[in-house]
Amino acid sequence: MAFTPQPTEIDGHVITATCSGAPGSDPAFKFFAKRGTTNNVVVFFDGGGACWSDASCARPGLATTPPDGDWLYKAEILARDNPATARGIFDLSDARNPVRDWSFVFVPYCTGDVHTGSNTATYHNPQTGAAYIIQHRGADNFRLILEWMRANFNTPGEILVTGSSAGAYGASGHFARIRDAFPNGRAVMLGDAGQGVIAPGFNTARANTWGYTLPPQVYGANTTPTGNEDIVGDLAAHYPHDRFAQYTTAHDRTQTAFFALMGVHNACGAWTQSMSQALTTRERAGNFRAYLAAGDTHTILRSPLFYTEQSGGEPFYQWFAELLGDGAANRDCQNCLAPPAQCPF
(Lines give C-alpha, C1' and ligand atoms only; values in the text may rest on other atoms or scores of the structure.)
Protein backbone atom coordinates (compact mmCIF):
# COMPACT_ATOMS: atom_id res chain seq x y z
CA MET A 1 0.00 0.00 0.00
CA ALA A 2 1.25 3.51 -0.83
CA PHE A 3 1.39 6.28 1.78
CA THR A 4 2.01 10.01 1.40
CA PRO A 5 3.81 11.52 4.41
CA GLN A 6 2.23 14.67 5.76
CA PRO A 7 4.29 17.75 6.72
CA THR A 8 5.50 17.17 10.28
CA GLU A 9 7.42 19.20 12.82
CA ILE A 10 10.56 17.30 13.88
CA ASP A 11 13.18 18.84 16.17
CA GLY A 12 11.63 22.27 15.74
CA HIS A 13 11.47 22.22 11.93
CA VAL A 14 8.52 21.41 9.69
CA ILE A 15 9.60 18.79 7.15
CA THR A 16 7.68 18.32 3.91
CA ALA A 17 8.32 15.25 1.76
CA THR A 18 9.51 15.90 -1.78
CA CYS A 19 11.34 14.41 -4.74
CA SER A 20 14.16 16.27 -6.49
CA GLY A 21 12.12 18.89 -8.30
CA ALA A 22 14.49 18.56 -11.28
CA PRO A 23 13.24 20.35 -14.42
CA GLY A 24 10.39 18.34 -15.93
CA SER A 25 9.99 16.03 -12.92
CA ASP A 26 7.07 15.34 -10.58
CA PRO A 27 8.04 16.40 -7.02
CA ALA A 28 5.36 14.24 -5.33
CA PHE A 29 6.76 11.70 -2.85
CA LYS A 30 5.21 8.54 -1.44
CA PHE A 31 6.40 5.34 0.19
CA PHE A 32 5.14 1.77 0.36
CA ALA A 33 4.44 -0.48 3.33
CA LYS A 34 2.98 -3.94 3.91
CA ARG A 35 2.00 -5.63 7.15
CA GLY A 36 3.41 -9.14 7.53
CA THR A 37 2.37 -12.08 9.67
CA THR A 38 5.44 -11.98 11.94
CA ASN A 39 6.76 -9.35 14.33
CA ASN A 40 9.76 -8.64 12.09
CA VAL A 41 10.33 -5.68 9.74
CA VAL A 42 12.34 -5.09 6.56
CA VAL A 43 13.27 -1.46 5.91
CA PHE A 44 14.41 -1.28 2.27
CA PHE A 45 15.98 1.79 0.66
CA ASP A 46 15.68 1.77 -3.13
CA GLY A 47 18.45 2.81 -5.50
CA GLY A 48 18.81 4.90 -8.63
CA GLY A 49 22.09 6.75 -9.13
CA ALA A 50 23.20 10.08 -7.68
CA CYS A 51 24.15 13.64 -8.65
CA TRP A 52 26.39 16.26 -7.06
CA SER A 53 27.49 18.70 -9.77
CA ASP A 54 26.23 20.87 -12.63
CA ALA A 55 26.94 18.13 -15.14
CA SER A 56 25.62 15.14 -13.19
CA CYS A 57 22.44 16.82 -11.91
CA ALA A 58 21.59 17.90 -15.47
CA ARG A 59 21.00 14.22 -16.38
CA PRO A 60 17.81 13.21 -14.47
CA GLY A 61 15.88 9.99 -14.99
CA LEU A 62 12.20 10.74 -15.60
CA ALA A 63 9.10 8.75 -16.48
CA THR A 64 9.60 10.01 -20.05
CA THR A 65 13.24 8.87 -20.21
CA PRO A 66 13.68 5.72 -22.37
CA PRO A 67 14.81 2.63 -20.42
CA ASP A 68 18.19 2.82 -22.15
CA GLY A 69 18.32 6.62 -21.90
CA ASP A 70 21.28 8.64 -20.71
CA TRP A 71 20.53 9.47 -17.06
CA LEU A 72 22.52 9.47 -13.84
CA TYR A 73 19.93 9.72 -11.10
CA LYS A 74 16.26 8.96 -10.63
CA ALA A 75 14.59 12.36 -10.22
CA GLU A 76 10.98 11.27 -9.58
CA ILE A 77 9.11 8.16 -8.46
CA LEU A 78 8.50 5.84 -11.39
CA ALA A 79 5.87 3.15 -11.95
CA ARG A 80 8.54 0.45 -11.74
CA ASP A 81 9.47 1.61 -8.22
CA ASN A 82 6.41 -0.17 -6.82
CA PRO A 83 7.87 -3.14 -4.90
CA ALA A 84 4.98 -5.31 -6.09
CA THR A 85 6.76 -5.41 -9.47
CA ALA A 86 10.07 -6.61 -8.02
CA ARG A 87 11.48 -10.11 -7.51
CA GLY A 88 14.10 -11.33 -5.05
CA ILE A 89 13.10 -10.58 -1.45
CA PHE A 90 9.87 -9.01 -2.74
CA ASP A 91 8.67 -12.30 -4.23
CA LEU A 92 6.40 -13.30 -1.36
CA SER A 93 5.21 -16.47 -3.11
CA ASP A 94 8.65 -18.15 -3.11
CA ALA A 95 9.10 -20.49 -0.15
CA ARG A 96 12.87 -19.91 -0.32
CA ASN A 97 12.40 -16.25 0.63
CA PRO A 98 13.40 -15.89 4.32
CA VAL A 99 11.49 -12.60 4.73
CA ARG A 100 8.29 -13.46 2.86
CA ASP A 101 6.27 -13.25 6.12
CA TRP A 102 7.92 -10.05 7.42
CA SER A 103 6.45 -6.56 7.33
CA PHE A 104 8.02 -4.27 4.72
CA VAL A 105 8.69 -0.55 4.58
CA PHE A 106 9.90 0.40 1.10
CA VAL A 107 11.63 3.78 0.79
CA PRO A 108 11.61 5.05 -2.83
CA TYR A 109 14.50 7.14 -4.11
CA CYS A 110 14.14 10.35 -6.12
CA THR A 111 16.47 12.95 -4.58
CA GLY A 112 19.92 12.22 -6.06
CA ASP A 113 21.59 12.10 -2.62
CA VAL A 114 21.65 8.37 -1.70
CA HIS A 115 18.89 9.08 0.85
CA THR A 116 21.24 11.24 2.95
CA GLY A 117 20.52 14.82 1.84
CA SER A 118 18.95 17.72 3.71
CA ASN A 119 19.65 20.65 1.41
CA THR A 120 18.25 22.70 -1.46
CA ALA A 121 21.06 23.10 -4.01
CA THR A 122 21.37 25.37 -7.03
CA TYR A 123 23.09 24.04 -10.15
CA HIS A 124 23.61 25.42 -13.66
CA ASN A 125 22.89 23.62 -16.89
CA PRO A 126 26.34 23.08 -18.47
CA GLN A 127 24.94 23.73 -21.98
CA THR A 128 22.75 26.78 -21.40
CA GLY A 129 24.04 28.18 -18.12
CA ALA A 130 20.48 28.32 -16.79
CA ALA A 131 20.16 27.85 -13.03
CA TYR A 132 17.98 25.08 -11.63
CA ILE A 133 17.14 23.75 -8.17
CA ILE A 134 17.52 20.21 -6.86
CA GLN A 135 15.87 19.22 -3.59
CA HIS A 136 18.38 16.87 -1.98
CA ARG A 137 15.92 15.85 0.72
CA GLY A 138 16.38 12.09 1.05
CA ALA A 139 17.26 12.24 4.74
CA ASP A 140 14.28 14.47 5.46
CA ASN A 141 11.95 12.12 3.57
CA PHE A 142 13.09 9.18 5.64
CA ARG A 143 12.69 11.05 8.91
CA LEU A 144 9.00 11.41 8.02
CA ILE A 145 8.78 7.70 7.22
CA LEU A 146 10.45 6.86 10.53
CA GLU A 147 7.80 8.88 12.36
CA TRP A 148 5.18 6.76 10.57
CA MET A 149 7.05 3.61 11.62
CA ARG A 150 7.08 4.70 15.26
CA ALA A 151 3.31 5.06 15.14
CA ASN A 152 2.67 1.77 13.33
CA PHE A 153 5.21 -0.68 14.76
CA ASN A 154 5.59 -1.38 18.44
CA THR A 155 8.61 -3.51 19.29
CA PRO A 156 9.76 -5.57 16.26
CA GLY A 157 11.54 -8.77 17.14
CA GLU A 158 13.99 -8.37 14.26
CA ILE A 159 14.73 -5.48 11.90
CA LEU A 160 16.53 -5.85 8.59
CA VAL A 161 17.82 -2.48 7.38
CA THR A 162 18.88 -2.89 3.78
CA GLY A 163 18.97 -1.30 0.36
CA SER A 164 20.34 -1.66 -3.15
CA SER A 165 22.88 0.59 -4.88
CA ALA A 166 22.18 4.14 -3.66
CA GLY A 167 19.85 2.49 -1.15
CA ALA A 168 22.79 0.65 0.44
CA TYR A 169 24.09 4.06 1.53
CA GLY A 170 20.64 4.96 2.78
CA ALA A 171 20.67 1.80 4.91
CA SER A 172 24.02 2.61 6.50
CA GLY A 173 23.24 6.31 6.79
CA HIS A 174 19.99 5.74 8.69
CA PHE A 175 20.78 2.57 10.65
CA ALA A 176 21.63 4.49 13.84
CA ARG A 177 18.41 6.54 13.66
CA ILE A 178 16.35 3.36 13.15
CA ARG A 179 18.13 1.70 16.05
CA ASP A 180 17.34 4.69 18.29
CA ALA A 181 13.67 4.37 17.39
CA PHE A 182 13.62 0.58 17.93
CA PRO A 183 16.39 -0.31 20.41
CA ASN A 184 15.03 -3.74 21.34
CA GLY A 185 15.27 -7.00 19.44
CA ARG A 186 17.91 -7.95 16.89
CA ALA A 187 19.02 -5.82 13.95
CA VAL A 188 20.87 -6.64 10.73
CA MET A 189 22.15 -4.18 8.14
CA LEU A 190 22.87 -5.47 4.62
CA GLY A 191 24.25 -3.21 1.90
CA ASP A 192 23.57 -4.47 -1.63
CA ALA A 193 26.03 -3.10 -4.21
CA GLY A 194 27.03 0.05 -2.33
CA GLN A 195 30.55 -0.56 -1.04
CA GLY A 196 31.53 2.97 -0.06
CA VAL A 197 34.42 3.17 -2.55
CA ILE A 198 34.67 6.89 -3.38
CA ALA A 199 37.29 9.22 -4.79
CA PRO A 200 39.32 11.53 -2.52
CA GLY A 201 37.40 14.72 -1.93
CA PHE A 202 33.99 13.29 -2.74
CA ASN A 203 32.95 13.36 0.91
CA THR A 204 33.47 17.12 0.88
CA ALA A 205 31.50 17.49 -2.34
CA ARG A 206 28.49 15.60 -1.03
CA ALA A 207 28.62 17.39 2.31
CA ASN A 208 28.45 20.72 0.48
CA THR A 209 25.77 19.81 -2.07
CA TRP A 210 23.60 17.36 -0.13
CA GLY A 211 24.04 18.66 3.39
CA TYR A 212 25.28 15.16 4.25
CA THR A 213 26.37 14.60 7.85
CA LEU A 214 27.65 11.60 9.76
CA PRO A 215 25.30 9.92 12.29
CA PRO A 216 25.86 11.67 15.64
CA GLN A 217 24.88 8.48 17.47
CA VAL A 218 28.16 7.00 16.16
CA TYR A 219 30.43 10.01 15.65
CA GLY A 220 29.29 12.28 18.47
CA ALA A 221 29.42 16.02 17.84
CA ASN A 222 31.91 15.67 14.96
CA THR A 223 29.40 14.95 12.17
CA THR A 224 31.31 16.63 9.33
CA PRO A 225 32.76 14.02 6.94
CA THR A 226 36.51 14.14 6.42
CA GLY A 227 37.04 11.30 3.95
CA ASN A 228 38.52 8.92 6.53
CA GLU A 229 35.27 7.36 7.70
CA ASP A 230 34.27 3.78 7.04
CA ILE A 231 30.58 4.12 7.87
CA VAL A 232 29.77 0.40 7.81
CA GLY A 233 32.89 -0.56 9.74
CA ASP A 234 32.24 2.16 12.29
CA LEU A 235 28.62 1.02 12.69
CA ALA A 236 29.79 -2.56 13.30
CA ALA A 237 32.15 -1.33 16.01
CA HIS A 238 29.53 0.90 17.63
CA TYR A 239 26.79 -1.76 17.62
CA PRO A 240 28.68 -4.97 18.51
CA HIS A 241 25.49 -6.93 19.21
CA ASP A 242 24.00 -6.20 15.78
CA ARG A 243 25.12 -7.73 12.49
CA PHE A 244 26.39 -5.98 9.37
CA ALA A 245 26.95 -7.31 5.88
CA GLN A 246 27.61 -6.33 2.28
CA TYR A 247 27.10 -7.94 -1.12
CA THR A 248 28.85 -7.04 -4.35
CA THR A 249 30.19 -8.53 -7.54
CA ALA A 250 33.93 -8.31 -8.15
CA HIS A 251 33.61 -5.90 -11.08
CA ASP A 252 30.27 -4.18 -10.49
CA ARG A 253 29.85 -2.11 -13.66
CA THR A 254 27.61 0.55 -12.11
CA GLN A 255 29.75 1.18 -9.06
CA THR A 256 32.81 1.30 -11.33
CA ALA A 257 31.12 3.79 -13.67
CA PHE A 258 30.33 6.17 -10.81
CA PHE A 259 33.91 5.80 -9.55
CA ALA A 260 35.03 6.99 -12.98
CA LEU A 261 32.56 9.90 -12.84
CA MET A 262 34.30 10.99 -9.64
CA GLY A 263 37.44 11.49 -11.73
CA VAL A 264 39.28 8.21 -11.11
CA HIS A 265 41.42 6.89 -13.99
CA ASN A 266 41.49 3.16 -14.76
CA ALA A 267 38.39 2.89 -12.61
CA CYS A 268 37.83 -0.82 -13.32
CA GLY A 269 41.01 -2.01 -11.66
CA ALA A 270 41.06 0.76 -9.05
CA TRP A 271 37.50 0.13 -7.89
CA THR A 272 37.95 -3.64 -7.58
CA GLN A 273 41.20 -3.23 -5.65
CA SER A 274 39.72 -0.67 -3.23
CA MET A 275 36.54 -2.71 -2.75
CA SER A 276 38.50 -5.90 -2.00
CA GLN A 277 40.78 -4.17 0.50
CA ALA A 278 37.84 -2.57 2.30
CA LEU A 279 35.93 -5.86 2.56
CA THR A 280 39.03 -7.65 3.87
CA THR A 281 39.40 -5.02 6.60
CA ARG A 282 35.72 -5.16 7.58
CA GLU A 283 35.73 -8.97 7.65
CA ARG A 284 38.05 -8.83 10.66
CA ALA A 285 35.08 -7.69 12.75
CA GLY A 286 33.21 -10.54 14.38
CA ASN A 287 29.82 -9.05 13.50
CA PHE A 288 30.50 -8.27 9.81
CA ARG A 289 30.04 -10.65 6.88
CA ALA A 290 30.44 -10.27 3.12
CA TYR A 291 29.33 -12.12 0.00
CA LEU A 292 31.63 -11.39 -2.96
CA ALA A 293 30.27 -12.77 -6.24
CA ALA A 294 31.95 -13.11 -9.62
CA GLY A 295 31.11 -10.91 -12.61
CA ASP A 296 29.96 -7.34 -13.09
CA THR A 297 26.22 -7.32 -12.42
CA HIS A 298 24.77 -4.66 -10.13
CA THR A 299 22.48 -5.42 -7.15
CA ILE A 300 20.71 -8.64 -6.19
CA LEU A 301 17.91 -8.07 -3.67
CA ARG A 302 15.24 -7.02 -6.22
CA SER A 303 16.45 -9.49 -8.85
CA PRO A 304 15.87 -13.16 -9.76
CA LEU A 305 19.63 -13.46 -9.13
CA PHE A 306 18.71 -13.58 -5.45
CA TYR A 307 17.80 -17.25 -5.99
CA THR A 308 20.37 -18.25 -8.64
CA GLU A 309 23.64 -16.56 -7.62
CA GLN A 310 26.10 -19.03 -6.09
CA SER A 311 29.56 -18.00 -7.30
CA GLY A 312 30.52 -17.09 -3.73
CA GLY A 313 30.54 -20.81 -2.91
CA GLU A 314 26.98 -20.98 -1.57
CA PRO A 315 23.59 -19.97 -2.98
CA PHE A 316 23.07 -16.36 -2.03
CA TYR A 317 19.52 -16.86 -0.73
CA GLN A 318 20.83 -19.49 1.69
CA TRP A 319 23.62 -17.16 2.85
CA PHE A 320 21.01 -14.41 3.33
CA ALA A 321 18.90 -16.75 5.48
CA GLU A 322 21.95 -17.64 7.58
CA LEU A 323 22.72 -13.94 8.03
CA LEU A 324 19.25 -13.45 9.51
CA GLY A 325 19.56 -16.61 11.58
CA ASP A 326 22.52 -17.76 13.62
CA GLY A 327 25.04 -16.03 11.40
CA ALA A 328 26.63 -16.48 7.98
CA ALA A 329 30.25 -17.04 6.96
CA ASN A 330 32.22 -14.71 4.71
CA ARG A 331 31.83 -15.93 1.13
CA ASP A 332 34.21 -14.97 -1.68
CA CYS A 333 34.33 -16.00 -5.32
CA GLN A 334 37.56 -17.73 -6.29
CA ASN A 335 40.08 -16.28 -8.78
CA CYS A 336 37.62 -13.55 -9.72
CA LEU A 337 39.46 -10.30 -9.02
CA ALA A 338 41.62 -10.04 -12.14
CA PRO A 339 40.54 -6.89 -14.04
CA PRO A 340 38.63 -7.38 -17.28
CA ALA A 341 40.62 -7.32 -20.51
CA GLN A 342 38.73 -4.26 -21.69
CA CYS A 343 37.59 -1.50 -19.36
CA PRO A 344 35.28 1.24 -20.69
CA PHE A 345 36.15 3.48 -17.75
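Thr-256 counts as buried because its relative accessibility is 2%, where buried means under 20% relative accessible area, exposed over 50% and partly exposed in between (1.4 Å probe, protein chains only). The model is predicted, so local features need pLDDT of at least 70 and side-chain atom pairs count only at pLDDT 80 or more, while totals for chains, interfaces and linings use all residues. Residues are numbered from 1 along each chain as its sequence is written, and side-chain values use heavy atoms, with hydrogens and water left out.

Thr-256 lies in helix H7 (residues 253-261); helices (H or I, at least four residues) and strands (E, at least two) are DSSP runs numbered from the N terminus. The side chain of Thr-256 reaches the backbone oxygen of Asp-252 at 2.7 Å. Setting aside residues up to four places away in sequence, Thr-256 touches His-251, Ala-267, Cys-268, Trp-271 and Phe-345, contact being heavy atoms within 4.5 Å.

Helix H8 (residues 267-282) has 16 residues and spans 22 Å from its first C-alpha to its last, close to the 22 Å expected at 1.5 Å a residue; the expected span is 1.5 Å times one less than the number of residues. The buried residues of H8 are Ala-267, Cys-268, Trp-271, Thr-272, Met-275, Ser-276, Ala-278, Leu-279 and Arg-282. They lie on the same side of H8, because they cover an arc of only 165° around the axis, the arc being that of the directions from the helix axis to the C-beta atoms. These buried residues pack against helix H6 (231-238), strand E13 (243-249), H7 and strand E14 (288-293).

Ala-293 is placed in strand E14 and, at 0% relative accessibility, counts as buried. Between Ala-293 and Cys-333 there are 5.3 Å in space, C-alpha to C-alpha, although the two are 40 residues apart in sequence. Apart from neighbours within four places in sequence, Ala-293 is in contact with Tyr-247, Thr-248, Thr-249, Ala-250, Glu-309, Ser-311 and Cys-333.

In helix H4 (residues 202-210), the residues Phe-202, Asn-203, Arg-206, Thr-209 and Trp-210 are buried. They are on the same side of H4, as their arc around the axis is only 145°. Elements covering the buried residues of H4 include E9 and E10. H4 is followed by Gly-211, which has a positive phi near 75°.

Strands E9 (residues 119-124) and E10 (residues 131-136) pair in the antiparallel sense over six bridges; pairing requires that DSSP finds at least two bridges between two strands. Thr-122 stands opposite Ile-133 in E10. The hairpin of E9 and E10 has six residues between the strands, and within it Gly-129 takes a positive phi near 80°.

The structure holds 26 aromatic pairs. Rings of Phe, Tyr and Trp (its six-membered ring) pair if their centres lie within 6.5 Å; planes under 30 degrees apart count as stacked, over 60 as edge-to-face and the rest as tilted. Phe-3 and Trp-148 form a tilted pair, with 5.0 Å centre to centre and 50° between the planes. This pair links distant parts of the chain, 145 residues apart: Phe-3 is in strand E1 (residues 2-3) and Trp-148 in helix H2 (residues 138-152). Phe-3 counts as partly exposed, at 23% relative accessibility. The pair of Phe-316 and Trp-319 is also tilted, because the ring centres are 5.5 Å apart and the planes at 35°. Both residues, Phe-316 and Trp-319, are buried. Ring pairs link Tyr-247, Tyr-291, Phe-306, Tyr-307, Phe-316, Tyr-317, Trp-319 and Phe-320 into a cluster.

Methods. Polar contact = N/O pair within 3.5 Å; in protein donor to acceptor, adjacent residues only side chain to side chain.
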